[in-house]
Amino acid sequence: MEFSPEMMTDIALNAVGYLAAGALSVVIYVLFTGRGHRRDGQVEVPAPACESDASHSNRSGGGGRSVEFVRLSQQRREETTPAFAERRRNRVEVISRARQMLDDGMPASKIKQSLPISDAELALLTYENE
């Protein structure tokens, strides 16, 4: 199959058209999403809240990024409970104490003064006791 000059021109124009359409779509995407905006040439890294002398000695010299070596094999693993589990456990303890106080015959006003319990929780407990 032999390509004529007109056919070669059509192929070249089609390729240029596809490239131009792709470039235009990228430009429009950047304009609408705002991803192409740069604030400053440098990005400021927030300073750590508490810096120790050991972290200063582990940093690489000069400006730029700070690097700190962390030895994972010698770190102690602290068993901590997540905050939501701790709050739930505290709520369960408060409700069980309020239930005991209601069983002992203490009035609801004294229970509210001594424990952080809501009116709805207290009403539910008194309803369950009846």
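Mentor: Just after helix α1, G34 has a positive phi of about 75 degrees; helices here are DSSP runs of H or I with at least four residues, and strands are runs of E with at least two, numbered from the N terminus. Helix α1 has 29 residues and should span 42 Å at 1.5 Å a residue, which agrees with the 42 Å between its end C-alpha atoms; the expected span is 1.5 Å times one less than the number of residues.

Before the pairs, a word on confidence. This is a predicted model, in which local features need pLDDT of at least 70 and side-chain atom pairs count only at pLDDT 80 or more, while totals for chains, interfaces and linings use all residues. Residues are numbered from 1 along each chain as its sequence is written, and side-chain values use heavy atoms, with hydrogens and water left out. The mean pLDDT (the predictor's confidence in each residue, from 0 to 100) of the protein chain is 77, and 65% of its residues reach 70 or more. Confidence is highest in helix α1 (residues 5-33), at a mean of 94, and lowest in helix α2 (residues 53-58), at 50. Where pLDDT is low, the predicted coordinates should not be read in detail.

Now the pairs. A salt bridge here is a side-chain nitrogen of Lys or Arg within 4 Å of a carboxyl oxygen of Asp or Glu, and by this rule there are three. One joins R91 to E121, with 2.5 Å from N to O. R91 is in helix α3 (residues 83-103) and E121 in helix α5 (residues 119-129), so this pair links distant parts of the chain, 30 residues apart. For exposure, buried means under 20% relative accessible area, exposed over 50%, and partly exposed in between (1.4 Å probe, protein chains only). R91 is partly exposed at 29%, and E121 is partly exposed at 22%.

Another salt bridge is formed by E128 and R99, whose closest N and O atoms are 3.1 Å apart. Because E128 lies in helix α5 and R99 in helix α3, this pair ties together parts 29 residues apart in sequence. E128 has a relative accessible area of 45% and is partly exposed; R99 is also partly exposed, at 34%.

The remaining salt bridge is between D119 and K112, at 3.0 Å from N to O. D119 counts as exposed, with a relative accessible area of 53%, whereas K112 is partly exposed at 35%.
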